[in-house]
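Please keep the sequence at hand while reading.

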Amino acid sequence: GILSSVGDGVYGVDADGHILFINPAAVDILGYASPDDLVGRSAFETFHYAFEDGTPMPRGASFLNQCYANGSQVPAWQTVFWTASKRAVPIECTVYPMKVDGERQGSVVAFRDVSARRMLEEELRWQAEHDALTKLHNRAWFETQLEQEIARLKRTEQTSLLLFVDVDRFKYINDTAGHSAGDQLLLEVSMRLKSRLRASDHLARMGGDEYAVILRNVSVDDVQMLADGFRKALTAAPFSYGGKSYRITVSIGVARLD
């Protein structure tokens with residue numbers, strides 16, 4: 001009755017990892033129709049047989065298998081269980097040794113689906129590193145990347161460049177055409193900047209109408225050409241909004257990193 005009423009999944013296994021009992025919540029999380037579909041089967045072979053990326057897990061590498069065999073007690077272990085439809089579910093489980101008349105007969109595992117919590121954690125991490133409007137990385141993230149790049153360059157003979165880009169007419173457009181136009185201009189500038197990036201470069205919105213770019217492993221002799229390439233990408237076409245066109249001009253500062 002207790003097992004049927006709790007919201008967490010609970011199952012018991014013998015020392016070899018064969019399922020002795022399983023409650024309705026666990027059956028539901030794992031996507032099966034009935035406890036009869038699971039009782040008697042190997043827990044490892046049924047739902048924790050692979051890593052999160054789908055790579056098959058060697059039986060000897062299964063931490064839960066080791067717990068079943070050793071009678072370990074483990075709190076808040078995070079892993080993935082695979083459902084009947086082969087979908088990976090992130091879970092947090094606690095393992096207890098199961099004793100009957102003082103003798104260990106296997107283990108009991110209580111677990112819960114932590115998909116929603118993981119999604120929230122990932123969203124909070126994303127928000128901490130990105131600009132909400134343009135979806136580019138933000139100043140905090142960029143400053144960390146800049147520190148790491150400077151540290152990397154000290155160990156090499158390579159050179160990188162830091163570009164600081166300021167949109168000259170942003171305030172005019174924002175004030176005359178409205179904040180929606182200003183936001184759209186920032187989105188347009190962001191897309192044009194991204195079009196010039198290589199996979200190894202870093203771009204961030206620093207705030208307002210200011211952007212910064214790290215161009216990794218480039219020649220100092222190419223500074224003028226590189227900066228001019230970004231300028232042309234930003235100013236080649238006017239910005240259109242509300243039936244009007246606005247000429248975009250930018251200021252670009254460059255610093256050498258080595």
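The model is a predicted one, and in it the largest nonpolar core holds 24 residues, while a second, separate core holds 23 residues.

**Nonpolar cores**

- Within the largest core, the residues that touch the most other members are V167, L185, V189, L193, Y211 and L215.
- At least two residues of this core come from each of β6 (160-167), α7 (170-177), α8 (179-194), β8 (210-215) and α9 (223-235), and the largest share, five residues, is supplied by α8.
- Leaving aside residues up to four places away in sequence, L215 is in contact with S160, L161, L163, R198, D201, L226 and F230.
- The second core, which is separate, includes F47, Y68, V74 and C93.
- As a general background, nonpolar side chains tend to be buried together in soluble globular proteins.

**The four-stranded sheet**

- Four strands form an open sheet in the order β7-β8-β6-β11, and their pairing is antiparallel.
- Because β7 (202-207) and β11 (250-257) stand at the edges with a single partner strand each, one side of each is left without a neighbour in the sheet.
- Neighbouring strands are turned against each other by 20° on average, with direction ignored.
- The antiparallel strands β7 and β8 are joined by five bridges, and R205 has Y211 in β8 as its bridge partner.

**Helix on the sheet**

- Helix α9 packs on the sheet, where it touches β6, β8 and β11, and its direction makes about 150° with that of β11.

Definitions and conventions: Residues are numbered from 1 along each chain as its sequence is written. This is a predicted model: local features need pLDDT of at least 70, side-chain atom pairs count only at pLDDT 80 or more; totals for chains, interfaces and linings use all residues. Side-chain values use heavy atoms; hydrogens and water are left out. A nonpolar core is a set of buried Ala, Val, Leu, Ile, Met, Phe, Trp, Tyr and Cys residues joined through side-chain atoms within 4.5 Å. Buried means under 20% relative accessible area, exposed over 50%, partly exposed in between (1.4 Å probe, protein chains only). Contact means heavy atoms within 4.5 Å. Two strands pair if DSSP finds at least two bridges between them. Axes are lines fitted to C-alpha atoms, for helices over the stretch in contact, and angles run from 0 to 180 degrees between N-to-C directions.
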